Amino acid sequence: MADYLSSTDNFMWSLGFDPVLRSTIVTLTVLERTVDWSVIVDRFDQISNVVPRFRQRVRRSTPLRRPRWELDPDFNLDHHLRKLTAPQPGTAQELLDLAQLGAMDDFCRDRPLWQATFVDGLADGTTALLCRFDHALTDGIGAVQIASVLYDNNSHTESFGRDGAPIPCAVPRSHRVESVLRHPLDTAATGLAAALSVYRAARPVSGPRSPVMRGRTSNRHVDTMEVSRSGLQRAANAAEGSLNDAFIAAVAGGLRRYHECHDASVGELIMSMPISIRTRMDSPAGNRATLMRVAVPVGLADPRERIAAIHQRTRTARGEKSLGYTDLIAAGLNTLPRSYIGSELRHVDFVASDVPGFPEPLRLGGVAVKKQYAFSPTLGASVNATLLSYIDTCYIGINVDTGAIPDDHAFYACLAGGCEETMALGR
């Protein structure tokens, strides 16, 4: 039986043909010192066996059918693993330059949609592992599950089960059908609410609302930032919000400052917020996140008020019934012209994503992991800021469309200011 892409995976995969919308995720892991190359090769061999998607490529199907996954008959780890010495002077900037190129480059679409590059020769003695993969291969949370195979002290059995299969969900699907039969009136009301929710999720939006960040190109600039996870959580608690609310508020504060630098006023900006719909029954492969559009009150200068307002709006987004129809919505979008989809995605001002990482220290081949960043795709927005937690630090990967934000140094300073004013709530 053919293994067809889900509608959501198909949507992400097809975006890759447009350089402006390309859905490549890049991760950067910094290690204390060098790692034996054979260990890296062995771990990725394990990953490709535990997650067969790493050995599969995408092939187009007959008309009216979705593309399908098929085993790459010429699969070879050498096509996906690379080792290089960092260009001089071997600083963190050289790593970011490599990550930046990885975010812009397309994949060889005759092979599985991933690559990993081990980088040594850094001036401070550290090394790095740069991984890049198409969003159709997996999402942020799925990538963290897959990475559990990579590290020494994280058994993959918790995520995949002893036989490599995902652990099943305990909720039976038949419960929903039984509810429909017993409560037809409630079900009709629920169906109407769901239909309205689907409309809100899929309707066209006007925008972008920013009077400044309007251009869109295929050029990217990436940068990094770090904040204390416990400090950000204290700031969230002070405003009765979640860590994700505080993170969005910090990004929003930076965007307000950036507009002020350009003598532009701004009230609300449209944000795409990834919401995971992944269950324990799902394989770590595949995209199991949906993008919900939220109007963020960027113009609120008080970070406490901003977190509280964002909390209300993100809570509403997480409660939308359309989340249960993500693949159906994606199927509908896949029937629309790519030009229309691209135009709609360009109407989003920014993306903010919070990915829970590993809470305990990691080691790869006996070498300690120092830092981990994720640079998620802009998907037509002006910038994507992705928070990936590791132990008690929030490592923020910033992926900027330089057509929308050409003065990246000024933007970075504004974003740092937004983080600082938000973190001050927790002190």
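Modeller: Strand 2 (24–31), strand 6 (114–120), strand 7 (127–134), strand 8 (220–228), strand 13 (367–375) and strand 15 (393–401) are among what covers the buried residues of helix 3. This is a predicted model, where local features need pLDDT of at least 70 and side-chain atom pairs 80 or more, while totals for chains, interfaces and linings use all residues. Residues are numbered from 1 along each chain as its sequence is written, and side-chain values use heavy atoms, without hydrogens or water.

Glu94, Leu95, Leu96, Ala99, Gln100, Gly102 and Ala103 are its buried residues, with under 20% relative accessible area to a 1.4 Å probe, protein chains only.

Helix 3 also supplies at least two residues of the largest nonpolar core, as do strand 2, strand 6, strand 7 and strand 13, among others. Such a core joins buried Ala, Val, Leu, Ile, Met, Phe, Trp, Tyr and Cys through side-chain atoms within 4.5 Å. Beyond four places in sequence, Trp114 is in contact (heavy atoms within 4.5 Å) with residues including Phe44, Phe107 and Phe133.

Finally, Ala103 and Met104 are among the residues lining the largest cavity, with Pro19, Arg22 and Thr24 also included. A cavity is a set of points on a 1 Å grid over the protein atoms alone where a 1.4 Å probe fits but cannot get out, and lining residues have an atom within 4 Å of a point.

Definitions and conventions
On a 1 Å grid over the protein atoms alone, a cavity is a set of points where a 1.4 Å probe fits but cannot get out, and a pocket is an open set with protein on both sides within 12 Å along at least five of seven lines; lining residues have an atom within 4 Å of a point. Buried means under 20% relative accessible area, exposed over 50%, partly exposed in between (1.4 Å probe, protein chains only). Helices (H or I, at least four residues) and strands (E, at least two) are DSSP runs, numbered from the N terminus.
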